[in-house]
Amino acid sequence: MAHLDTLGSDKATTGEVSTDFRASEHHEFLTASRQALASANLQLALARLGDTLGQKNRDAYAAYPGSSAMRELARGIKDRTLAELDRHLETLEASVHRNGGQVHFAADAADARETVLSILKSRGCRSVVKSKSMTTEEIHLNPALEAAGIETVESDFGEYIIQLAGQRPSHLVAPAVHMTVGEVAEVLSRHSPEPLPPDATALAQFARGQLRARFATADAGITGGNFAVAETGTIVVVENEGNARFTTTLPRIHIALVGIEKVIPRLADLPVFLKILARAATGQTMSIYTSLLSGPRRAGQVNGPEEFHLVLLDNGRTRILEGPLRESLFCIRCGACLNACPVYRAVGGHAYGGVYAGPIGAVLTPLYDGLTANEHLPHASSLCGACQAACPVKIAIPELLIKLRDQLHEAHEAQHDQSRLENFAYRAWGWLMRKPLGYRMATWLASRTVGRSQAGSRWLRRMPGALGGWTSSRDFPAPARERFRDWWHKEGEQAGQSRQQGSSQQQGPSPKTDASQRPSEVRNRRP
Amino acid sequence: MNREQFMARVRTAAAAGRSYRVHVNESIERAAGYVGGGADPIERFASQATAAGGQVDVVDDADAAVARLLEICQQYSARNCVAWDHLLLESWNVRAALAGRGVEMSSAGTLPGEDAATRRWRLLSADLGITSVTFAVAETGSIAMIDDAGCDTVASLLPPVHVALVSRDQLVPDLFDVFDALEARKSAGWPSSVVFITGPSKTGDVELKLTTGVHGPKHWHVIVSR
């Protein structure tokens, strides 16, 4: 799977650094996580995230009886579309031309930056307003625009804060979620004649005033796109603030940078996605504003851009499309898996080091940025499945992470840097699992020895020798004192006896367990 | 990049990717996600739009709707409004009613002899935007509007208060129905801008605390006439 490691494999992990992980991309998952776990403010923010957005997502799915069916339908649309992506892109291109817009093709990030810059320069644009777009983050557009002397302002409130703070977004839909209201007030106050109070509403009003002037004077607006409808040439932008509407209505040029995987064939496919996107992202039934933008203003219209440019971005997507991780291209960037993930909610978005964070980031960042450079990310998951349960297109994220782990293992094996002990241990484990007698003997031995001696705590805090790597940052569940097999046997016999006695109350083995056998006392040990 | 190379690359990758297609339950139909308006679509619309942070009045007729509009103007001390040149506003005599209360109402479109910058300033300084809708969606409490000269969607964006006037026949049960209706317009030329609005401008970007009116209107009213 060497083809996965094209972009960033040369960026080897460096030693101790004192980087501000909020500001720059990096390959330091473990160090950054440690920092994140030590930050009280961040921990507070992350707890809030799971309790509000995560809960609202689950409530919204539960309140909509069709949610599971629509998620399955959306998944099917994505799968079918990707199977004939070339054909749908050609339709999209023809539709945009028919609407009077222009289409550009960008193979990679540098290509995309160049395309956007040449559109802006050739039309004498000096200032740009942007609405929130992860794709422009992915190609690092802002520094390129600034370097070319084009004044660039993010207009989404969260992105505006992040831009003024000189940081990176830490969440797909709530980019400044890691900051406290006090920190935000401090950052915005630097750009205000008088200090601003630590009050969310007052700060939003300040941003409104600052950005209104920008919208009215900007030469061009740059957006991403949630969907691109092939048959009508429509870019769909979903948002809550109205900044994307300003960005696409007032400036004379609109440039939309859209990944090729965002195409959907028909207009009739769109409501399927709209019915699940906001529910997944924020628990809303619909986001506040959904704009269907199809080219420049028509004759007679007085609003909307005079020019419309669609930049279609590959940047590694075709490489993913042809391989076993193809399903990751279904992602509609809602952020639901982040809110649901116990790892994201412990370490936050910046720890992941790439543009995309959370469970889907742990899949996408290695794919876009190189697997070996990001080897900790596929392991930054307990494989609990909460991400898949939250995903509006039901991406099997745990399976994709396992595939990446497998590829990492193969890469290590090819380089012969897997220890012989580790190899032996896995082979022995594999052999044991295939031999019922051997397995029975091993579990019997474990329950009689470690199981009995650990009957009190149920968790091993430290394991000997090479196994110590596991317990250096987390506990290992101790073998049970009584094997399930033995318990089942015993309960089954008792049940059989009581049935013979004519009792109708106890039928088969009951799920009665020893209180000490429940994993309820999981200690939250953090490094 | 060269278009042909780009497309050739996509074609090859899409073909190779077909070995990795996922299993999907193909028997599911759109109907499984159809919600509709229920027994009382107006009631459903009102409750959904209210849940989204809107303020909804359901009234019996056009006169009651205009009376409610005047109250709202008074509530925000609105002195000048921008409004759509729309059949519904004409037939409800909105302009005359506002003039009677000393509230100025100008078109959201371009006035004779007005340049773009002047118009933009006029719209930005309006106290209140009055529009109708192309559709109102009972399922979600959304309104949908197709941008057109005189019926400019910016009237729902620039002023701090937006009031949408809706008559019963504009109400459709479900999002699927709206897209079916839009579908029917495709052959007549697809409009450059269609927007769905479901609530006042909102952000939760600071500590996930919801605050309204960050870019668009802080107050979103819908008046529905039975």
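Student: Is the crossing of H3(A) and H12(A) left-handed or right-handed?

Tutor: Residues are numbered from 1 along each chain as its sequence is written, while chains are lettered from A and ligands numbered from 1 in the order in which they are written. The axes (lines fitted to C-alpha atoms, for helices over the stretch in contact, with angles from 0 to 180 degrees between N-to-C directions) of helix H3 (residues 67-83) and helix H12 (residues 270-281) of chain A come within 9 Å and cross at roughly 115°. A crossing is left-handed if the near helix is turned anticlockwise from the far one by less than a right angle, and right-handed if clockwise; this one is left-handed.

Student: How many charged residues does the contact of H3(A) with H12(A) have?

Tutor: Residues in contact have C-beta atoms, placed from the backbone, within 7 Å; here they include Met70(A) and Ile77(A) of H3(A), with Phe273(A) and Arg279(A) of H12(A). Sorting needs classes: Ala, Val, Leu, Ile, Met, Phe, Trp, Tyr, Cys and Pro count as nonpolar, Asp, Glu, Lys and Arg as charged, and the others, Gly among them, as polar. The contact has 7 nonpolar residues, 1 polar residue and, for the class you asked about, charged residues numbering 3.

Student: What is the bridge partner of Cys81(B) in S4(B)?

Tutor: Strand S2 (residues 80-83) and strand S4 (residues 128-131) of chain B run parallel and are joined by 3 bridges. In S4(B), the partner of Cys81(B) is Leu128(B).

Student: Which element gives the largest share of the side of chain B that touches chain A?

Tutor: The contact takes 64 residues from chain B and 84 residues from chain A. Elements giving two or more residues to the chain B side include helix H7 (175-185) and strand S9 (193-197). The largest share, 10 residues, comes from H1(B).

Student: Which residue in S9(B) stands opposite Thr290(A)?

Tutor: Strand S9 (residues 289-293) of chain A and S9(B) run antiparallel, with 5 bridges joining them. Opposite Thr290(A) stands Phe196(B).

Student: Is Ala346(A) buried or partly exposed?

Tutor: Ala346(A) lies in helix H15 (residues 344-347) of chain A, and beyond its neighbours within four places in sequence it is in contact with Leu37(A) and Leu46(A). A residue is buried if 20 or more other C-beta atoms lie within 10 Å of its own, exposed if 12 or fewer, and partly exposed in between. Ala346(A) has 19 such atoms, so it is partly exposed.

Student: What average pLDDT does chain A have?

Tutor: Over residues 1-17 of chain A the pLDDT is below 50, and over residues 503-527 of chain A it is also below 50. Where pLDDT is low, the predicted coordinates should not be read in detail. In chain A, 90% of the residues score at least 70, and the average is 89.

Conventions. Predicted model: local features only at pLDDT ≥ 70, side-chain atom pairs only at ≥ 80, totals over all residues. Helix = DSSP H or I, 4+ residues; strand = E, 2+ residues; numbered from the N terminus. Contact = placed C-beta atoms within 7 Å. Pairing = 2+ DSSP bridges. pLDDT = per-residue confidence, 0-100.
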